[in-house]
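Colleague: I am new to this one and would like to learn how to read it. Could you take me through it feature by feature?

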Amino acid sequence: MANVESAKKRIRQTARRTARNKHVRSTVRGSVKKVREAIAAADKSASGPALADAIKKIDAAVSKGVIHKNAGARYVSRLSAQVHAVQKG
């Protein structure tokens, strides 16, 4: 265990940051899961709003630095293509 004050503070900061990042990451995963479920069910009416919500949460995670910019763009691109295929066909 840390004995120096600065190390103790670092431990507290890391714990807060880890909790915040876990929350953001899990909300992104949940919203992406909803989109994938709508795609699997071929639900045209649910896939659009679910995609919009997922994109919003992914962009928020990217802006907070929880997800890398390119990874966020990749998630949005792939989900958008899948939703488009469901709504088209």
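Colleague: What span should helix H1 have at 1.5 Å a residue?

Modeller: Helices here are DSSP runs of H or I with at least four residues, strands are runs of E with at least two, and both are numbered from the N terminus. The expected span is 1.5 Å times one less than the number of residues. For the 36 residues of H1 (residues 5-40) that gives 52 Å, and the end C-alpha atoms are 52 Å apart, which agrees. This is a predicted model, in which local features need pLDDT of at least 70 and side-chain atom pairs count only at pLDDT 80 or more, while totals for chains, interfaces and linings use all residues. Residues are numbered from 1 along each chain as its sequence is written, and side-chain values use heavy atoms, with hydrogens and water left out.

Colleague: Which residues of H1 are buried?

Modeller: An α-helix has 3.6 residues a turn, so residues three or four places apart point the same way. Buried means under 20% relative accessible area, exposed over 50%, and partly exposed in between, with a 1.4 Å probe and protein chains only. In H1 the buried residues are Val 24, Val 28, Ser 31, Val 32, Val 35, Ala 38 and Ile 39. They pack against helix H2 (44-64) and helix H3 (69-88), where contact means heavy atoms within 4.5 Å.

Colleague: Is Ser 31 buried or exposed?

Modeller: Ser 31 has 3% relative accessibility, so it counts as buried. Beyond its neighbours within four places in sequence, Ser 31 is in contact with Asp 53, Ala 54 and Lys 57. Ser 77, found in H3, counts as partly exposed because its relative accessibility is 45%.

Colleague: How many residues does the largest nonpolar core have?

Modeller: In soluble globular proteins, nonpolar side chains tend to be buried together. A nonpolar core is a set of buried Ala, Val, Leu, Ile, Met, Phe, Trp, Tyr and Cys residues joined through side-chain atoms within 4.5 Å. The largest one has 17 residues, and Val 28, Val 35, Ile 58, Ala 61, Ile 67 and Leu 79 have the most contacts inside it. H1, H2 and H3 are the elements that give two or more residues to this core. Leaving out residues up to four places away in sequence, Ile 67 touches Val 28, Ala 61, Val 62, Gly 72 and Tyr 75.

Colleague: At what angle do the axes of H2 and H3 cross?

Modeller: Two packed helices are described by the angle between their axes and the distance between the axes. The axes of H2 and H3 come within 10 Å and cross at roughly 175°; axes are lines fitted to C-alpha atoms, for helices over the stretch in contact, with angles from 0 to 180 degrees between N-to-C directions. That makes H2 roughly antiparallel to H3, a label for angles over 145 degrees. Residues of H2 in this contact include Leu 51, Ile 55 and Ile 58, and those of H3 include Tyr 75, Val 76 and Leu 79.

Colleague: Where does Ala 42 lie?

Modeller: Most residues other than glycine have a negative phi. Ala 42, in the loop between H1 and H2, has a positive phi of about 55° although it is not a glycine. Ala 41 is found in that loop too, and it is exposed, with a relative accessible area of 57%.

Terms used
Angles under 35 degrees count as roughly parallel, over 145 as roughly antiparallel, 65 to 115 as roughly perpendicular and the rest as oblique.
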